[in-house]
Amino acid sequence: MKVEEELFAPGLEDLFENAPCGYLSTAPDGTILKVNRTFEQWTGYDRRQLVGRKRFAELLTPGGRMYHETHYAPLLQMQGEAREIALELVGADGSRLPALVTSVVVADGEGKPQVIRTTVFDASERRRYEEELLQTREREREIARQLQRSMLAGELPAAPGLQVGASYRPADNALEVGGDWYDAFWLGEERLGMVVGDVVGKGIGAAATMGQLRSAVRALASTGLRPGPLLEALDDYTHRHGVGATTTVVYAQLDLASRELRFACAGHLPPILVEPESGPHLSWEGRSTPLGLRIPGPRPESACVLPTGSLFLLYTDGLVERRTQPIDSGLERLQAEVAERREEPPPALAPNLLRALGTGEHGDDACVLALSLG
């Protein structure tokens, strides 16, 4: 095969030589036949050092040469083209140029490959943009992590006969901060408020929404609202300020003097109640839709009296949901684990449940809030 002679009409030669992209032609075996001035300037090579002397793959990094051998060249053979492949060219001085490379095979009338024409676009600005974007995203994630940690920090309530324990587990991949949260606080000397919620979404937006809703729950609880009316007021807050739509929340109040427990669920998974004479069971009472979905009438709540030795457990869906299994299976596993660990005090029970129900492959964060009454 003769070396390709590419002829240009008057005026087109300058356009070829000084094009905003590098251009080269190679034989089917990769031997360089022709390059333009732009390619020379970018790589620092004179065309006399390239034409007939080097193959295109020799100008790539070691990883790029391997990719060229195992993917790029076979793709050209099978499809006759390879488009916008990210590679790095190694210049004459050893510097690297991030590039997007497109190659097209030119064949003769019988379909036999004659030459490979390749264009090279400088991707340095794109690389810098991607690096800056990654840095910005990491800063956002760190802000969200700090905000979430601040929302989950604080000393949990304690009193004679009362123990409260909580634990939080971030998603294993740690790519994003989620919107799960828990809180427990005094409403007076003998009344306790507890809440667990799950904001839709991830990142700093979810963490900020979580903070707003957490503060709103505390403020509304301080007015003396019972769980059902509190969720109604929180729903109004969600509509008024445009935050937290479709968030799920379970809010409970415990009166230590009467031992009365009241709770209401806005679309959240049911609490688990363990009484001394019975095993763990899901409390499906007091349910209504998630926040932001208006329903006619008041939001319901449930009430019961806790006997001595009772355990009450709130949690988020990351504890029981698995992509390949129905959620009923997760709820059954949770109840079985609680039954086995029912004698553990809440400060130990909460983290132990997270560890016991872990699969090593969590796509969501999870938290547990447990309370026992002696």
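Q: How many salt bridges are there by the rule used here?
A: The count comes to 14 salt bridges. Keep in mind that this is a predicted model.

Q: Why can side chains pair like that?
A: Side chains of opposite charge can pair when their charged atoms come close.

Q: Which residue does R47 pair with?
A: R47 pairs with E40. Their closest N and O atoms are 2.8 Å apart.

Q: Is E40 buried or exposed, and why?
A: E40 is buried because its relative accessible area is 13%, and buried means under 20%. R47 has 25% relative accessibility, so R47 counts as partly exposed.

Q: What about R83, which side chain does it meet?
A: R83 meets E81 in a salt bridge, at 3.1 Å from N to O. E81 is partly exposed, with a relative accessible area of 31%.

Q: Where do E301 and R262 sit in the chain?
A: These two form a salt bridge, with the closest N and O atoms 2.7 Å apart. The pair links distant parts of the chain, 39 residues apart. E301 is in the loop between β13 (287-288) and β14 (302-305). R262 is in strand β10, residues 260-266.

Q: Why does E301 count as partly exposed?
A: Because its relative accessibility is 21%. R262 is buried, at 18%.

Q: Which residues are linked with them in a network?
A: R226, E260, R262 and E301 are linked in a network of salt bridges.

Q: New topic: how many disulfides does the structure hold?
A: It holds 0 disulfides.

Q: And C265, buried or exposed?
A: C265 is at 0% relative accessibility, so C265 counts as buried. C367 is also at 0% and counts as buried.

Definitions and conventions:
Residues numbered from 1 in each chain as written. Predicted model: local features only at pLDDT ≥ 70, side-chain atom pairs only at ≥ 80, totals over all residues. Heavy atoms only, no water. Disulfide = S-S within 2.5 Å. Buried < 20%, exposed > 50% of the residue type's maximum accessible area, 1.4 Å probe, protein only. Salt bridge = Lys/Arg side-chain N within 4 Å of Asp/Glu carboxyl O. Helix = DSSP H or I, 4+ residues; strand = E, 2+ residues; numbered from the N terminus.
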